[in-house]
Amino acid sequence: MPSPATIVFYALAALTIGCAALVAFSRNILYSALALLGTLSGVAGLYLHLGADFLGVTQLLIYVGGILVLVLFAVLLTTRIGDVQASNRSLGWSAALPLALALGAALVALAVRIDWPLTEVVAAPTTARLGDAFLREYLLPFELASLVLLMALVGAMVLARRAVKEPPRPQ
Amino acid sequence: MSQVGLPHYLVVSAVLFALGIYTVSTRRSAVAILMGVELCLNAAALNFAAFAQHVHGAIAGQVMALFIVVLAAAEAAIALAIVLSLWRSHRTVDVTQTASLRD
(Lines give C-alpha, C1' and ligand atoms only; values in the text may rest on other atoms or scores of the structure.)
Protein backbone atom coordinates (compact mmCIF):
# COMPACT_ATOMS: atom_id res chain seq x y z
CA MET A 1 0.00 0.00 0.00
CA PRO A 2 1.75 3.17 -1.09
CA SER A 3 2.05 5.98 1.40
CA PRO A 4 -0.42 8.91 1.29
CA ALA A 5 2.36 11.21 0.10
CA THR A 6 2.91 9.00 -2.94
CA ILE A 7 -0.80 8.90 -3.75
CA VAL A 8 -1.04 12.69 -3.46
CA PHE A 9 1.97 13.10 -5.72
CA TYR A 10 0.51 10.88 -8.43
CA ALA A 11 -2.85 12.64 -8.23
CA LEU A 12 -1.19 16.06 -8.58
CA ALA A 13 1.04 14.84 -11.40
CA ALA A 14 -1.98 13.39 -13.23
CA LEU A 15 -3.87 16.67 -12.83
CA THR A 16 -0.94 18.72 -14.07
CA ILE A 17 -0.08 16.57 -17.07
CA GLY A 18 -3.70 15.92 -18.01
CA CYS A 19 -4.57 19.60 -18.03
CA ALA A 20 -1.35 20.42 -19.92
CA ALA A 21 -2.40 17.89 -22.56
CA LEU A 22 -5.75 19.66 -22.80
CA VAL A 23 -3.94 22.98 -23.26
CA ALA A 24 -1.86 21.47 -26.04
CA PHE A 25 -4.49 19.45 -27.89
CA SER A 26 -7.85 21.09 -27.31
CA ARG A 27 -9.60 22.57 -30.34
CA ASN A 28 -11.31 25.32 -28.41
CA ILE A 29 -9.04 28.07 -27.12
CA LEU A 30 -11.29 28.81 -24.16
CA TYR A 31 -10.98 25.18 -23.04
CA SER A 32 -7.21 25.56 -23.36
CA ALA A 33 -7.24 28.64 -21.14
CA LEU A 34 -9.34 26.89 -18.50
CA ALA A 35 -7.14 23.81 -18.66
CA LEU A 36 -4.17 26.12 -18.04
CA LEU A 37 -5.87 26.93 -14.74
CA GLY A 38 -5.76 23.23 -13.86
CA THR A 39 -2.10 22.98 -14.87
CA LEU A 40 -1.02 25.99 -12.81
CA SER A 41 -2.95 24.75 -9.78
CA GLY A 42 -1.40 21.31 -10.17
CA VAL A 43 2.07 22.84 -10.26
CA ALA A 44 1.23 24.85 -7.13
CA GLY A 45 0.17 21.61 -5.45
CA LEU A 46 3.45 20.00 -6.52
CA TYR A 47 5.38 22.88 -4.97
CA LEU A 48 3.49 22.34 -1.71
CA HIS A 49 4.21 18.63 -1.92
CA LEU A 50 7.90 19.45 -2.27
CA GLY A 51 7.75 21.53 0.89
CA ALA A 52 8.15 24.87 -0.90
CA ASP A 53 5.32 26.52 0.99
CA PHE A 54 5.96 30.16 0.05
CA LEU A 55 6.51 29.25 -3.59
CA GLY A 56 3.28 27.27 -3.80
CA VAL A 57 1.14 30.04 -2.40
CA THR A 58 2.91 32.65 -4.55
CA GLN A 59 2.24 30.51 -7.59
CA LEU A 60 -1.46 30.46 -6.78
CA LEU A 61 -1.63 34.18 -6.10
CA ILE A 62 0.41 35.43 -9.04
CA TYR A 63 0.14 32.81 -11.73
CA VAL A 64 -3.46 31.74 -11.24
CA GLY A 65 -4.78 35.00 -9.82
CA GLY A 66 -2.89 37.33 -12.14
CA ILE A 67 -1.45 35.80 -15.27
CA LEU A 68 -4.27 33.38 -15.93
CA VAL A 69 -6.84 36.16 -15.52
CA LEU A 70 -4.86 38.23 -18.06
CA VAL A 71 -4.80 35.30 -20.47
CA LEU A 72 -8.55 34.80 -20.07
CA PHE A 73 -9.13 38.50 -20.76
CA ALA A 74 -7.05 38.23 -23.91
CA VAL A 75 -8.87 35.09 -25.07
CA LEU A 76 -12.28 36.63 -24.51
CA LEU A 77 -11.39 39.99 -26.04
CA THR A 78 -9.82 38.62 -29.19
CA THR A 79 -12.36 36.11 -30.43
CA ARG A 80 -14.77 37.22 -33.07
CA ILE A 81 -18.29 37.68 -31.72
CA GLY A 82 -19.76 35.94 -34.75
CA ASP A 83 -17.98 32.64 -34.17
CA VAL A 84 -19.98 30.07 -32.30
CA GLN A 85 -16.87 28.42 -30.96
CA ALA A 86 -13.47 29.94 -30.43
CA SER A 87 -11.32 27.75 -32.63
CA ASN A 88 -7.74 26.84 -31.92
CA ARG A 89 -6.51 25.24 -35.09
CA SER A 90 -3.14 23.68 -35.23
CA LEU A 91 -0.46 24.08 -37.84
CA GLY A 92 2.13 21.57 -38.87
CA TRP A 93 1.51 19.06 -36.12
CA SER A 94 3.09 16.25 -38.16
CA ALA A 95 6.48 17.87 -37.73
CA ALA A 96 6.00 19.19 -34.23
CA LEU A 97 4.71 15.98 -32.66
CA PRO A 98 7.86 13.89 -33.32
CA LEU A 99 9.99 16.80 -32.16
CA ALA A 100 8.08 17.16 -28.91
CA LEU A 101 8.09 13.40 -28.34
CA ALA A 102 11.82 13.16 -28.95
CA LEU A 103 12.52 16.09 -26.64
CA GLY A 104 10.31 14.67 -23.92
CA ALA A 105 11.87 11.23 -24.24
CA ALA A 106 15.38 12.67 -24.05
CA LEU A 107 14.59 14.68 -20.92
CA VAL A 108 12.84 11.74 -19.23
CA ALA A 109 15.78 9.45 -20.01
CA LEU A 110 18.12 12.04 -18.55
CA ALA A 111 16.00 12.32 -15.42
CA VAL A 112 15.82 8.61 -14.63
CA ARG A 113 19.25 7.44 -15.69
CA ILE A 114 21.52 9.92 -13.98
CA ASP A 115 22.55 9.09 -10.44
CA TRP A 116 21.70 12.35 -8.74
CA PRO A 117 23.67 13.19 -5.55
CA LEU A 118 20.69 13.41 -3.26
CA THR A 119 20.51 14.38 0.36
CA GLU A 120 17.87 13.86 2.98
CA VAL A 121 14.80 16.00 2.47
CA VAL A 122 14.09 18.24 5.44
CA ALA A 123 10.60 19.70 5.62
CA ALA A 124 10.94 23.19 7.02
CA PRO A 125 9.22 26.53 6.41
CA THR A 126 11.04 28.40 3.70
CA THR A 127 9.77 31.96 4.02
CA ALA A 128 12.51 33.14 6.40
CA ARG A 129 15.25 31.52 4.32
CA LEU A 130 13.86 33.05 1.15
CA GLY A 131 13.72 36.48 2.76
CA ASP A 132 17.33 36.12 3.86
CA ALA A 133 18.39 35.01 0.39
CA PHE A 134 16.61 37.89 -1.30
CA LEU A 135 18.23 40.46 0.94
CA ARG A 136 21.73 38.97 0.99
CA GLU A 137 23.02 36.93 -1.95
CA TYR A 138 20.25 37.86 -4.38
CA LEU A 139 19.79 41.54 -3.60
CA LEU A 140 20.82 42.79 -7.03
CA PRO A 141 18.49 40.47 -9.00
CA PHE A 142 15.73 41.41 -6.57
CA GLU A 143 16.14 45.13 -7.26
CA LEU A 144 16.49 44.52 -10.99
CA ALA A 145 13.30 42.47 -10.97
CA SER A 146 11.43 45.38 -9.43
CA LEU A 147 12.79 47.63 -12.22
CA VAL A 148 11.66 45.07 -14.80
CA LEU A 149 8.19 45.06 -13.30
CA LEU A 150 8.05 48.86 -13.45
CA MET A 151 9.10 48.81 -17.10
CA ALA A 152 6.55 46.12 -17.90
CA LEU A 153 3.80 48.13 -16.22
CA VAL A 154 4.60 51.32 -18.12
CA GLY A 155 5.20 49.45 -21.36
CA ALA A 156 1.92 47.56 -21.19
CA MET A 157 0.03 50.78 -20.56
CA VAL A 158 1.72 52.50 -23.49
CA LEU A 159 1.10 49.58 -25.83
CA ALA A 160 -2.50 48.98 -24.94
CA ARG A 161 -3.90 52.48 -24.76
CA ARG A 162 -5.98 53.93 -27.54
CA ALA A 163 -4.57 56.89 -29.45
CA VAL A 164 -5.62 60.09 -27.72
CA LYS A 165 -7.32 62.50 -30.13
CA GLU A 166 -6.34 66.13 -29.80
CA PRO A 167 -9.35 68.31 -28.93
CA PRO A 168 -9.98 70.99 -31.61
CA ARG A 169 -8.36 74.24 -30.64
CA PRO A 170 -10.78 77.17 -30.30
CA GLN A 171 -10.00 79.88 -32.87
CA MET B 1 7.50 3.61 -7.11
CA SER B 2 8.11 3.09 -3.41
CA GLN B 3 9.13 6.59 -2.49
CA VAL B 4 8.62 9.75 -4.50
CA GLY B 5 12.05 11.17 -5.17
CA LEU B 6 13.78 13.65 -7.43
CA PRO B 7 13.40 11.69 -10.72
CA HIS B 8 9.61 11.73 -10.37
CA TYR B 9 9.52 15.52 -10.32
CA LEU B 10 11.98 15.71 -13.19
CA VAL B 11 9.82 13.43 -15.30
CA VAL B 12 6.72 15.58 -14.65
CA SER B 13 8.73 18.67 -15.54
CA ALA B 14 10.02 17.03 -18.75
CA VAL B 15 6.54 16.05 -19.91
CA LEU B 16 5.19 19.53 -19.16
CA PHE B 17 8.05 21.08 -21.13
CA ALA B 18 7.49 18.83 -24.15
CA LEU B 19 3.77 19.69 -24.14
CA GLY B 20 4.67 23.37 -23.95
CA ILE B 21 7.02 23.07 -26.93
CA TYR B 22 4.30 21.30 -28.89
CA THR B 23 1.82 24.06 -28.07
CA VAL B 24 4.23 26.80 -29.10
CA SER B 25 5.06 25.15 -32.41
CA THR B 26 1.58 24.23 -33.60
CA ARG B 27 -0.83 26.95 -32.58
CA ARG B 28 -2.11 29.74 -34.78
CA SER B 29 -3.39 32.09 -32.12
CA ALA B 30 -0.86 34.32 -30.39
CA VAL B 31 -2.62 33.84 -27.06
CA ALA B 32 -2.33 30.06 -27.41
CA ILE B 33 1.40 30.41 -28.11
CA LEU B 34 1.68 32.44 -24.92
CA MET B 35 -0.06 29.61 -23.04
CA GLY B 36 2.57 27.21 -24.37
CA VAL B 37 5.34 29.50 -23.18
CA GLU B 38 3.74 29.56 -19.72
CA LEU B 39 3.78 25.75 -19.70
CA CYS B 40 7.51 25.73 -20.52
CA LEU B 41 8.25 28.30 -17.80
CA ASN B 42 6.29 26.34 -15.22
CA ALA B 43 8.17 23.16 -16.15
CA ALA B 44 11.51 24.90 -15.65
CA ALA B 45 10.46 26.42 -12.33
CA LEU B 46 9.24 23.04 -11.09
CA ASN B 47 12.61 21.59 -12.06
CA PHE B 48 14.44 24.26 -10.09
CA ALA B 49 12.24 23.81 -7.04
CA ALA B 50 12.67 20.02 -7.11
CA PHE B 51 16.45 20.36 -7.13
CA ALA B 52 16.31 22.96 -4.38
CA GLN B 53 14.48 20.57 -2.10
CA HIS B 54 16.58 17.50 -2.75
CA VAL B 55 20.03 19.05 -2.52
CA HIS B 56 21.03 20.03 0.96
CA GLY B 57 21.02 23.70 1.85
CA ALA B 58 20.17 25.07 -1.56
CA ILE B 59 17.44 27.68 -1.39
CA ALA B 60 18.69 29.08 -4.71
CA GLY B 61 16.34 26.85 -6.67
CA GLN B 62 13.29 28.33 -5.01
CA VAL B 63 14.69 31.86 -5.46
CA MET B 64 15.05 31.09 -9.17
CA ALA B 65 11.51 29.73 -9.32
CA LEU B 66 10.21 32.93 -7.73
CA PHE B 67 12.10 35.03 -10.27
CA ILE B 68 10.56 32.92 -13.02
CA VAL B 69 7.08 33.69 -11.64
CA VAL B 70 7.85 37.42 -11.51
CA LEU B 71 9.30 37.56 -15.01
CA ALA B 72 6.48 35.47 -16.43
CA ALA B 73 4.01 38.00 -15.03
CA ALA B 74 5.87 40.90 -16.66
CA GLU B 75 6.16 39.02 -19.93
CA ALA B 76 2.49 38.03 -19.99
CA ALA B 77 1.45 41.65 -19.44
CA ILE B 78 3.57 42.91 -22.34
CA ALA B 79 2.67 40.04 -24.63
CA LEU B 80 -1.03 40.52 -24.08
CA ALA B 81 -0.72 44.28 -24.62
CA ILE B 82 0.91 43.48 -27.96
CA VAL B 83 -1.85 40.99 -28.78
CA LEU B 84 -4.48 43.62 -28.01
CA SER B 85 -2.75 46.18 -30.26
CA LEU B 86 -2.60 43.58 -33.01
CA TRP B 87 -6.28 42.81 -32.60
CA ARG B 88 -7.19 46.49 -32.78
CA SER B 89 -5.28 47.11 -35.98
CA HIS B 90 -5.86 43.83 -37.85
CA ARG B 91 -8.91 42.21 -36.21
CA THR B 92 -7.01 38.94 -36.05
CA VAL B 93 -4.49 37.31 -33.75
CA ASP B 94 -3.63 34.60 -36.23
CA VAL B 95 0.17 34.54 -36.49
CA THR B 96 0.05 33.20 -40.06
CA GLN B 97 -1.74 36.35 -41.19
CA THR B 98 0.56 38.92 -39.65
CA ALA B 99 3.19 38.76 -42.37
CA SER B 100 2.00 42.12 -43.69
CA LEU B 101 3.72 43.83 -40.78
CA ARG B 102 7.00 43.11 -42.50
CA ASP B 103 6.21 45.35 -45.49
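Predicted model: local features only at pLDDT ≥ 70, side-chain atom pairs only at ≥ 80, totals over all residues.
Student: How many residues of chain B are in contact with chain A?
Tutor: Let's take the partner side to begin with: chain A brings 79 residues to this contact. Contact here means heavy atoms within 4.5 Å. By that cut-off, the count for chain B is 72 residues.

Student: Which residues of chain B lose the most area to chain A?
Tutor: The two chains bury about 6,800 Å² between them, 75% of it on carbon and sulfur atoms. On the chain B side, three residues lead, together giving 10% of what that side buries. They are B:Tyr22, B:Arg27 and B:Met35.

Student: Which element gives the most to the side of chain B that touches chain A?
Tutor: The elements giving two or more residues to that side are α1 (6-26), α2 (30-54) and α3 (60-90) of chain B. That side divides into 51 nonpolar, 15 polar and six charged residues. With 23 residues, the top contributor is α3(B).

Student: How many salt bridges does the rule find across the interface?
Tutor: Polar contacts do turn up there, in nine residue pairs. A salt bridge needs a side-chain nitrogen of Lys or Arg within 4 Å of a carboxyl oxygen of Asp or Glu. Across the interface of chain B and chain A, the number found is zero.

Student: Which residues touch the most other members of the largest nonpolar core?
Tutor: This core has 64 residues, and helices of both chains supply it, including α3 (53-77) of chain A and α2 of chain B. One of the two residues you want touches B:Val31, B:Leu34, B:Met35 and B:Leu80. The pair is A:Val71 and B:Met35.

How values were computed
Residues numbered from 1 in each chain as written. Chains lettered and ligands numbered in written order. Heavy atoms only, no water. Buried area = accessible area lost by both parts, 1.4 Å probe. Polar contact = N/O pair within 3.5 Å; in protein donor to acceptor, adjacent residues only side chain to side chain. Helix = DSSP H or I, 4+ residues; strand = E, 2+ residues; numbered from the N terminus. Nonpolar A, V, L, I, M, F, W, Y, C, P; charged D, E, K, R; others polar. Core = buried A, V, L, I, M, F, W, Y, C linked by side-chain atoms within 4.5 Å. Buried < 20%, exposed > 50% of the residue type's maximum accessible area, 1.4 Å probe, protein only. Lists of a residue's contacts leave out its neighbours within four places in sequence.
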